[in-house]
Amino acid sequence: MACLTDPSLPALARASRDLYAAVRRDAPLVQCLTNFVSMNTAANTLLALGASPAMVHAAEEAPEFAALSGAVVINIGTLSTPWLDSMLLTAAAAARAGTPWVLDPVAHHATAFRRDAVRRLLDLRPAVVRGNASEILALAGGQSASKGVDARDPVQQAEHAARELARARGTVVAVTGAVDFVTDGQREVRVTGGSPWMPQVTATGCALTAVVGAFAAVARADAYTAAVAALSCFGIAGRRANARADGPGSFAWRFLDALAALETDSLVRESPLA
């Protein structure tokens, strides 16, 4: 898909709709090197979306598999030295093969090991970086109130950092929270919707990163629209699930059902873009 030239919100909503139709049609293969906590949730979310998950992370095969995949997703949540070695090899292999890859820098600012890992991964030029406000603030060199995986900073506070990071690294940055923010350093948009229950359901953010990968697989030339489309699907499905949920448990399964039932034209009809 060619890069979107019309910057208007209606045009972006239509482009998001078309990408979603492509995901449903093509069922792109998304290779996930993700953490132990999120594997099941990420796989089920990709299946509900219409994509095909592959949890292939061993260094002996993951780099080779990257050339077969539509996109690669790298999530450093449960990081270890063998996993990091595989992530670096796989990201490099994806770059050689022209496979877009997405980085989720989970709690990268918590320890020296994580800080070094994410620096090395960023040097391999991910197409999209998806994180919460605290992670993006710290990634851009700012001060964050968070010490771990939880976001302690509002999305609005991370918007400038996201722009600077996108420009410096030549990537798309998606900051997620109550109202998401997406930028490639030039274009930017906010995405509404979702649910207050989302932060109380383990691995929801990690699953969203996997969904960004599915859209990157079909967009390829326009990672910005891919990230917007992914967040739009999450926002609409989250809002629908929230309307009937009684708590985080019922929200979790209702969200999967809502995502599976999401109509392609809802990305225009119920566009969450602002």
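The legends below describe an overview and several close-up views of a predicted protein model. Residues are numbered from 1 along each chain as its sequence is written, and side-chain values use heavy atoms, with hydrogens and water left out. Because the model is predicted, local features need pLDDT of at least 70 and side-chain atom pairs count only at pLDDT 80 or more, whereas totals for chains, interfaces and linings use all residues.

**Figure 1. Overview of the protein chain, with 11 helices and eight strands.** Helices (H or I, at least four residues) and strands (E, at least two) are DSSP runs, numbered from the N terminus. The radius of gyration, taken over C-alpha atoms, is 17 Å, close to the 19 Å that the globule rule (2.2 Å times the number of residues to the power 0.38) gives for 274 residues, so the chain is as compact as a globular protein of that length. Along the principal axes, the C-alpha atoms fill a box of roughly 45 × 40 × 40 Å. Of the 274 residues, 57% count as buried; buried means under 20% relative accessible area, exposed over 50%, and partly exposed in between (1.4 Å probe, protein chains only). Among contacts (heavy atoms within 4.5 Å) with a separation of 6 or more, 70% come from residues 24 or more positions apart. The chain exposes about 10900 Å², of which carbon and sulfur atoms supply 53%; accessible areas come from the Shrake-Rupley method with a 1.4 Å probe, and for residues only the protein chains shown count as cover.

**Figure 2. Packing of helix α1 (residues 9–26) and helix α9 (residues 223–242).** Two packed helices are described by the angle between their axes and the distance between the axes. Here the angle is about 80 degrees and the axes are 9 Å apart. Axes are lines fitted to C-alpha atoms, for helices over the stretch in contact, and angles run from 0 to 180 degrees between N-to-C directions. The angle makes α1 roughly perpendicular to α9 (under 35 degrees counts as roughly parallel, over 145 as roughly antiparallel, 65 to 115 as roughly perpendicular and the rest as oblique). Helix α1 contributes L12, A15, S16, L19 and Y20 to the contact, and α9 contributes Y224, T225, A226, V228, A229 and C233. These residues divide into nine nonpolar, two polar and no charged, where Ala, Val, Leu, Ile, Met, Phe, Trp, Tyr, Cys and Pro count as nonpolar, Asp, Glu, Lys and Arg as charged, and the others, Gly among them, as polar.

**Figure 3. Residues L9 and R17 of helix α1.** L9 is partly exposed, at 36% relative accessibility, and R17 is partly exposed as well, with a relative accessible area of 28%. Not counting residues up to four places away in sequence, L9 touches V189, L273 and A274. With neighbours within four places in sequence likewise set aside, R17 is in contact with T264, D265, L267 and V268. The C-alpha atoms of L9 and S86, 77 residues apart along the chain, are separated by 39 Å, and those of R17 and L137, 120 residues apart, by 30 Å.

**Figure 4. Buried residue S38 in the loop between β1 (29–33) and α2 (39–49).** The relative accessible area of S38 is 0%. Apart from neighbours within four places in sequence, S38 is in contact with A203 and C206.

**Figure 5. Positive phi values at A107 and R125, both residues other than glycine.** A107, with phi near 50 degrees, lies in the loop between β4 (101–104) and α5 (112–122). This residue counts as buried at 5% relative accessibility. R125, with phi near 60 degrees, is found in the loop between α5 and β5 (128–132). At 56% relative accessibility, R125 counts as exposed.

Figure 6. V175 is buried, with a relative accessible area of 0%. Residues up to four places away in sequence aside, V175 touches G131, N132, A133, I136, V155, A158, A162, D180 and F181. The C-alpha atom of V175 is separated by 21 Å from that of T111, 64 residues apart along the chain.

Figure 7. F255 is buried, with a relative accessible area of 6%. When neighbours within four places in sequence are left aside, its contacts are M198, F234, A237, G238 and A241. F255 and A237 are 18 residues apart along the chain, and their C-alpha atoms are separated by 6.1 Å.
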